[in-house]
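I opened my notebook to look up two things.

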Amino acid sequence: MKNTIKKILWTLVGIIVAIVIIGGVFWLIDGRSPQAFIISHSLTKRTMEDYEKGKGDKTDKSTVEIPDGVEFPREMRQYRVGNMQVFHMEAENDSKPIVLYIHGGAYLNNFEEPHWKAMAEWAESTGCGIVAPNYPLLYCYTASDAHPLMMQLYQQLIKQYSAKRIIIMGDSAGGGFTLALAQEIRNDSIELPRHLVLISPWVDVLGGDDALQENDTFLDAQVLRKVGADWAGDIAPHDPMISPLYGDMQGLPPTDLFTGTWEIFYTDIVKTHDKMKAAGVDAQLHVAEKLGHVYPLWPCPEGTQARKEIAEIIKN
């Protein structure tokens, strides 16, 4: 009996060692972890047919819930700014920053589970507070509805906290919204937040690099240009409120930008970083080779490392 158990244990050890070796070899050859490879090939790309079916969908998206299994280290209360639902968790103490997180989703979709998990992780590891607005989305609303509410929320926050404690962070559409909001805050001579973190920001709603489309397993440039024009509504798509790549970067807070080389937004994000640097902004570009859109939210080693880097940004 003991010999049988030993054989089973040694067999399991051998399998684990083989998996580790194979995974390491794959990483060396492909340049990505096996997990990142699997994730990139399991994503569902929105098609033009999906766009046509979904256009005009008036589903009420004004109320969401935190998914079961996601736990925050402190109480998460809810309130509304106008008709906008806001989740708000205080920081561990008054010395910790407050992260205003603007979620992505192509201005169509609410929070996804990876957003909640990342926010909970940062709240736990850094002691930061979290403010997460469920801002108005297509197709009930457009940018002209969402921006005033976000400005109202920011102004409420700087009455409650010093602006030097506030970090505005966003991914994808939320990353573009973050940059546009910062430009609007600056234009209105309101005190700016201490830092911006842009994760794969959508900075030009009519942009995207078609040359990178083959490698992007998640985003479709043609579909996003349609959605971006819908979000703009009566505003010109290249207005900085919609496409902050075309806005004035001078005087913006220190900014960290994260992007993968295999996402169609890569070229626009590099342009944004270069434009910020030319304007004198303390901007840092974090580039992950062969990784795709919003990779810092992926459950893979590269995503874990990026979230740790973001945690250090929050702490410092």
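**Entry 1: the cavity**

I looked up the largest cavity, and its volume is about 30 Å³. I am working with a predicted model. I counted one cavity of 30 Å³ or more. Next I listed the lining of this largest cavity: Y107, H147, G176, F177, A180, W231, M241, I242 and P244. Which helix gives the largest share of that lining? I found helix α6, residues 173-187, with three residues. I then sorted the lining of the largest cavity by class and got seven nonpolar, two polar and no charged residues.

I turned to the largest pocket. I noted a volume of about 780 Å³ for it. I found 35 residues lining this pocket, and the closest to its centre are G105, E112, F218, H293 and V294. I checked which helices take part. Both α4 and α7 (221-232) supply at least two residues each to the lining of the largest pocket. The largest share is six residues, and I traced it to α4. By class, I wrote down 17 nonpolar, eight polar and ten charged residues for the lining of the largest pocket.

**Entry 2: helices α5 and α6**

I reminded myself how packing is put into numbers. Two packed helices are described by the angle between their axes and the distance between the axes. I started with helix α5 (residues 143-160) and α6, whose axes come within 11 Å and cross at roughly 65°. I therefore call α5 and α6 roughly perpendicular to each other. Is their crossing left-handed or right-handed? I noted that α5 and α6 cross in a right-handed way. On the α5 side I listed A146, H147, M150, M151 and Y154, which meet F177, A180, L181, E184 and I185 in α6. I sorted this contact of α5 with α6 into eight nonpolar, one polar and one charged residues.

**Entry 3: helices α4 and α9**

I went back to α4, the helix that gives six residues to the lining of the largest pocket. The axes of helix α4 (residues 113-126) and helix α9 (residues 301-315) come within 10 Å and cross at roughly 50°. That angle makes α4 oblique to α9. I noted a right-handed crossing where α4 passes α9. Which residues make the contact? From α4 I listed A118, E121, W122, S125 and T126, and from α9 R307, I310, A311, I314 and K315. I divided the residues of this contact of α4 with α9 into five nonpolar, two polar and three charged.

Notes:
Residues are numbered from 1 along each chain as its sequence is written. This is a predicted model: local features need pLDDT of at least 70, side-chain atom pairs count only at pLDDT 80 or more; totals for chains, interfaces and linings use all residues. Side-chain values use heavy atoms; hydrogens and water are left out. Axes are lines fitted to C-alpha atoms, for helices over the stretch in contact, and angles run from 0 to 180 degrees between N-to-C directions. Helices (H or I, at least four residues) and strands (E, at least two) are DSSP runs, numbered from the N terminus. Angles under 35 degrees count as roughly parallel, over 145 as roughly antiparallel, 65 to 115 as roughly perpendicular and the rest as oblique. A crossing is left-handed if the near helix is turned anticlockwise from the far one by less than a right angle, and right-handed if clockwise. Contact means heavy atoms within 4.5 Å. Ala, Val, Leu, Ile, Met, Phe, Trp, Tyr, Cys and Pro count as nonpolar, Asp, Glu, Lys and Arg as charged, and the others, Gly among them, as polar. On a 1 Å grid over the protein atoms alone, a cavity is a set of points where a 1.4 Å probe fits but cannot get out, and a pocket is an open set with protein on both sides within 12 Å along at least five of seven lines; lining residues have an atom within 4 Å of a point. Grid points are joined across faces, edges and corners, and a volume is the space filled by probe spheres set on the points.
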